[in-house]
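Good morning, everyone. Let's walk through one protein model together. Please have a look at the sequence and the structure first.

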Amino acid sequence: MPAEHTEESWSKHCANEIEQTIRWERPETVAAVIMEPIITGGGVLMPHPSYLKEVEVICKKYGVLLIIDEVICGFGRTGKPFTFQHYDISPDIVTMAKGITSAYLPLSATAMKPYLFEVFKETGENDHFRHVNTFGGHPAACEVAIKNLEIMEKESLVEQSNVQGTKLRTQLEPLLRHPLVGDIRQKGLLLGIELVEDKKTKVPAAPEVIADLMKRCKQKGLIVGKNSDTVSGYQNVIALSPPLSITDEDVTFISTTIKQVFSIE
Ligand SMILES: Cc1ncc(COP(=O)(O)O)c(C=O)c1O
């Protein structure tokens, strides 16, 4: 974020960029805006609380659909059933996958508002959704998903995501004293630890430094993730997304191991 901006003004600026693009392309040529509610693989980037609402208002203004990608964020990962629910928006379409079966079998699904669904009930050209896929509606994957959702509900795993995520965040807080740790971002059991060379300028830490920290975690029995190279040069965020069924003991193991690797008490 440029120094002259606050998080709020930068958020408005970014939403404005979407509006400018829609206008530039001409609204009648733009079908939809698709976005993750929190950018996950790009570095666990949490938007300002007003950002998604601003984007929704822009989409409505120009008659553009808002598609929210909950493939990573959905099914309790951030402490609500779906992450868009943190931001007071009502997307037209929601895409989902991984958490729907807790990844035990591959399955994905797309939900849409009734007014869109109804279009495919018309007669003639639009009487069905003209699309095919190889494993669509696979009964084994669907059965796993139903069981998974049943267990999530029975064990209140969405609430657990909030409770255990907050504990993990609190236990990791001392890491902020380390010169390499520029930020810790957390919502539910989605956490990102941003590693920087300089806390003020947020210049990303070198890939070898991050690789070494990850290797040392692994040697102690903890596998941590890292963001991908969506933005070149910014693969500097350690990502944590443990199972929602994580226990207090697991939370302590994760935080203690990471603190040991960073030599922080
Ligand atoms: C947030 C997000 N959206 C979409 C996808 C792509 O999903 P698929 O491989 O099912 O097309 C991924 C894949 O990991 C993802 O992480």
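Let's start in a loop. D88 sits in the loop between β2 (65-69) and β3 (93-96). Keep in mind that this is a predicted model. D88 has a positive phi, about 55 degrees, and yet D88 is not a glycine. Is D88 buried or exposed? D88 has 59% relative accessibility, and the cut-off for exposed is over 50%. So D88 counts as exposed.

There is a second residue of this kind. S263 also has a positive phi of about 55 degrees without being a glycine. Where is S263? Look in the segment after α7. S263 is exposed too, with a relative accessible area of 60%.

D88 belongs to a network of salt bridges, together with K53, E56 and K60. Why would side chains pair like this? Side chains of opposite charge can pair when their charged atoms come close. How many salt bridges does the structure hold? The count is 13.

Pair one is K12 with E54. Their side chains form a salt bridge at 3.3 Å, N to O. This pair links distant parts of the chain. K12 is in helix α1 (residues 7-25), E54 is in helix α2 (residues 51-62), and they are 42 residues apart. Now compare the surroundings. K12 is partly exposed, at 44% relative accessibility. E54 has a relative accessible area of 17%, so E54 is buried, the cut-off being under 20%.

Pair two is K147 with E150. Here the salt bridge is 3.0 Å, N to O. Both residues are in helix α4 (residues 139-154). They are 3 residues apart, so about one helical turn separates them. K147 is partly exposed at 44% relative accessibility, and E150 is partly exposed at 45%.

The side chains meet at 2.6 Å, N to O. Again, distant parts of the chain are linked: K167 is in helix α5 (residues 157-172), D248 is in helix α7 (residues 248-261), and the two are 81 residues apart. K167 is partly exposed, with a relative accessible area of 30%. D248 is partly exposed as well, with 44%.

Stay in helix α7, please. S255 lies there. Is S255 buried or exposed? The relative accessible area of S255 is 1%, so S255 is buried. And what does its side chain reach? The side chain of S255 reaches the backbone oxygen of T252, at 3.2 Å.

Last stop: the pocket. The largest pocket has a volume of about 1300 Å³. Its lining has 32 residues. M1, W10, L45, M46 and R185 are the ones nearest its centre. Which elements each supply at least two residues of the lining? They are α1, α2 and β5 (181-187). The largest share, 4 residues, comes from α1. What about the classes? The lining has 17 nonpolar, 8 polar and 7 charged residues.

So where does this pocket lie? Domain 1 (7-154) gives residues to the lining, and domain 2 (157-261) does as well. Therefore the largest pocket lies between the two domains.

That's the tour. Over to you for questions.

Notes
Residues numbered from 1 in each chain as written. Predicted model: local features only at pLDDT ≥ 70, side-chain atom pairs only at ≥ 80, totals over all residues. Heavy atoms only, no water. Salt bridge = Lys/Arg side-chain N within 4 Å of Asp/Glu carboxyl O. Buried < 20%, exposed > 50% of the residue type's maximum accessible area, 1.4 Å probe, protein only. 1 Å grid on protein atoms, 1.4 Å probe; cavity = no way out; pocket = protein on both sides within 12 Å on 5 of 7 lines; lining within 4 Å. Points joined across faces, edges and corners; volume = space filled by probe spheres on them. Nonpolar A, V, L, I, M, F, W, Y, C, P; charged D, E, K, R; others polar. Domains from an automatic or database assignment. Polar contact = N/O pair within 3.5 Å; in protein donor to acceptor, adjacent residues only side chain to side chain.
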